[in-house]
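The sequence and structure come first, and the notes follow by topic.

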Amino acid sequence: MSDLAKNNNGSGTNGGANAANETTGLSAAELYRRGRALCFGVYGVKIDKRRGVAILEAAVEAGKASDASEETRAAALDAQAEFAEALFDGRQGAKKNERRGVELAEKPAKAGNPFALDTLGACFRDGLGGLPKDEAKARACFARAFEGFKRMSEEPNPDARALCYLGCYLGDGRGAADGKPNASPEVAAETFRLWLRSAELGFATAAWNVATAYL
């Protein structure tokens with residue numbers, strides 16, 4: 001069990017303390033880890049989206065300090081990608097603001113963050129967040145995101161969300177050169193394997209996908 005999960009007993013990250021107290025003295029990397037855990041239910045943490053978004057925002061602000069280290073700025077950029085996604089879809093306890101989400105996603109996307117690239121890809125595909133519909137730009141964003149999710153999934157300690165997204169990309173076509181869905185038994189099996197691994201690592205959405213697949 002992770003340290004974050006241990007804090008589900010009413011103290012610490014997911015307990016009674018308010019978000020401001022929870023951010024005191026924590027590095028941007030730890031703020032990012034705690035914020036996304038609360039938003040998405042990873043590391044075995046009970047989901048608390050509003051608190052998670054507040055902590056992600058604190059991580060973003062930590063990276064703006066004039067004396068911020070390179071490590072701090074990198075963690076803040078990752079947090080910015082997650083915060084942008086929360087603003088864009090309005091499903092993580094943040095007030096929906098597609099334009100602001102797009103603005104925040106641009107910098108981490110340029111740095112290669114796959115979650116930010118996924119957000120921008122969806123915007124170009126559907127003409128959202130003030131961006132025009134542009135299938136070529138959407139495909140370019142999705143292609144870079146796909147490679148990023150693969151890298152994160154192949155690490156010794158793979159990212160739970162990346163595993164889930166990679167499975168989705170394989171099946172719905174975002175990971176394919178032609179952008180077409182692939183319903184072959186081989187792809188379906190690999191998608192399920194990735195979702196199952198993600199669920200085992202504690203990602204709530206992947207657990208839902210696995211349950212749906214069994215049904």
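This is a predicted model: local features need pLDDT of at least 70, side-chain atom pairs count only at pLDDT 80 or more; totals for chains, interfaces and linings use all residues.

**Helices H4 and H7**

- The buried residues of H4 are Arg51, Gly52, Val53, Ile55, Leu56, Ala59 and Val60.
- Helix H7 takes in residues 114–126, and its 13 residues should span 18 Å at 1.5 Å a residue.
- The end C-alpha atoms of H7 lie 18 Å apart, in agreement with that expectation.
- H7 is mostly covered, with 11 of its 13 residues buried.
- The buried stretch of H7 consists of Pro114, Phe115, Ala116, Leu117, Asp118, Thr119, Leu120, Gly121, Ala122, Cys123 and Phe124.
- The cover over the buried residues of H7 includes H3, H5, helix H6 (98–110), H8 and helix H9 (160–172).

**Nonpolar core**

- In soluble globular proteins, nonpolar side chains tend to be buried together.
- The largest nonpolar core here has 51 residues, and Leu120, Phe149 and Phe203 touch the most other members.
- Leu120 is also one of the buried residues of H7.
- Leaving aside residues up to four places away in sequence, Phe203 touches Phe40, Gly41, Val42, Ala160, Arg161, Cys164 and Ser198.

**Glutamate 85**

- Glu85 is part of helix H5.
- Is Glu85 buried or exposed? Its relative accessible area is 9%, and the cut-off for buried is under 20%, so Glu85 counts as buried.
- Beyond residues up to four places away in sequence, Glu85 is in contact with Phe40, Phe115, Thr119, Arg161 and Tyr165.
- Phe115 and Thr119, two of these contacts, are among the buried residues of H7.
- Phe40 and Arg161 are touched by Glu85 and also by Phe203.

**Largest pocket**

- Rolling a probe the size of a water molecule over the atoms shows where empty space is left.
- The largest pocket holds about 670 Å³ of space.
- Its lining has 26 residues, and those nearest the centre of the pocket are Tyr32, Arg36, Met152, Glu155 and Asp159.
- Helices H3 (28–40), H5 (70–89) and H8 (135–153) each contribute at least two lining residues.
- H5 provides the largest share of the lining, five residues.
- By class, the lining comprises 14 nonpolar, four polar and eight charged residues.

Methods: Residues are numbered from 1 along each chain as its sequence is written. Side-chain values use heavy atoms; hydrogens and water are left out. On a 1 Å grid over the protein atoms alone, a cavity is a set of points where a 1.4 Å probe fits but cannot get out, and a pocket is an open set with protein on both sides within 12 Å along at least five of seven lines; lining residues have an atom within 4 Å of a point. Grid points are joined across faces, edges and corners, and a volume is the space filled by probe spheres set on the points. Helices (H or I, at least four residues) and strands (E, at least two) are DSSP runs, numbered from the N terminus. Ala, Val, Leu, Ile, Met, Phe, Trp, Tyr, Cys and Pro count as nonpolar, Asp, Glu, Lys and Arg as charged, and the others, Gly among them, as polar. Buried means under 20% relative accessible area, exposed over 50%, partly exposed in between (1.4 Å probe, protein chains only). A nonpolar core is a set of buried Ala, Val, Leu, Ile, Met, Phe, Trp, Tyr and Cys residues joined through side-chain atoms within 4.5 Å. Contact means heavy atoms within 4.5 Å. The expected span of a helix is 1.5 Å times one less than its number of residues.
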